[in-house]
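Please view the sequence and the model together before reading on.

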Amino acid sequence: MIRLNLATDYALRTLLYLATQPGKQISTREIAEFHGISTDHVSKVVQHLVHAGYLRAERGRHGGLRLARPAEQVSVGDVVELFEGPVALLDCVSTSDVCVIQPACRLRRVLDRAGTRLIMELRKVTLADLIAPPAGELVQLGEMSAEA
């Protein structure tokens with residue numbers, strides 16, 4: 001099973017939540033409580049997202065978080081690559097000299113292409129794509145969980 005790490009998961013959840021709250025300043029605590037995850041974990045992810053230019057954070061009484069760019073400009077693939085690094089389905093794809101057959105291995109090249117295609121597919125998807133229902137109205141994550 002190929003899995004994204006928890007930081008990537010929390011980053012995507014954070015971005016999706018903020019995308020459904022345009023114009024609002026949202027606290028890290030609100031995001032963590034909504035998703036039922038640790039505020040400390042969300043805070044670490046938020047710092048990385050702020051540093052990478054995906055979020056704006058304002059301190060103070062009326063501070064909070066918001067997207068630093070429109071949801072249409074936030075690619076899922078870019079966020080995944082930010083947190084995961086290059087996709088390497090096996091060590092030999094990203095590291096030399098880990099296998100005796102590596103120089104002539106065709107499997108390595110196939111896995112490298114598959115990883116590249118995975119990221120390319122994820123880059124085609126934006127936050128806006130993920131929050132827009134068929135009717136074009138903005139979905140509020142709280143409404144989504146109530147319907148489930």
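Is Thr-14 buried or exposed? Thr-14 is buried, with a relative accessible area of 0%; buried means under 20% relative accessible area, exposed over 50%, and partly exposed in between (1.4 Å probe, protein chains only).

The model is predicted: local features need pLDDT of at least 70, side-chain atom pairs count only at pLDDT 80 or more, and totals for chains, interfaces and linings use all residues. Residues are numbered from 1 along each chain as its sequence is written, and side-chain values use heavy atoms, leaving out hydrogens and water.

**Surroundings of Thr-14**
- Thr-14 lies in helix α1; helices (H or I, at least four residues) and strands (E, at least two) are DSSP runs numbered from the N terminus.
- The side chain of Thr-14 reaches the backbone oxygen of Tyr-10 at 2.8 Å.
- Leaving aside residues up to four places away in sequence, Thr-14 touches Ile-31, Val-42, Val-46, Leu-49 and Leu-55, where contact means heavy atoms within 4.5 Å.

**Largest nonpolar core**
- A nonpolar core is a set of buried Ala, Val, Leu, Ile, Met, Phe, Trp, Tyr and Cys residues joined through side-chain atoms within 4.5 Å.
- The largest such core has 29 residues, of which Leu-15, Leu-49, Leu-67 and Val-79 touch the most other members.
- Elements that each supply at least two residues of this core include α1 (6–19), α3 (39–51) and β2 (64–67).
- Helix α1 gives the most to this core, with 7 residues.

**Cysteines**
- The count of disulfides (pairs of cysteine sulfur atoms within 2.5 Å) comes to 0.
- Cys-99 is partly exposed at 36% relative accessible area, whereas Cys-105 counts as buried at 14%.

Note on methods: A polar contact is a pair of N or O atoms within 3.5 Å; within protein, one must be able to donate a hydrogen and the other to accept it, and residues adjacent in sequence count only if both atoms are side-chain atoms.
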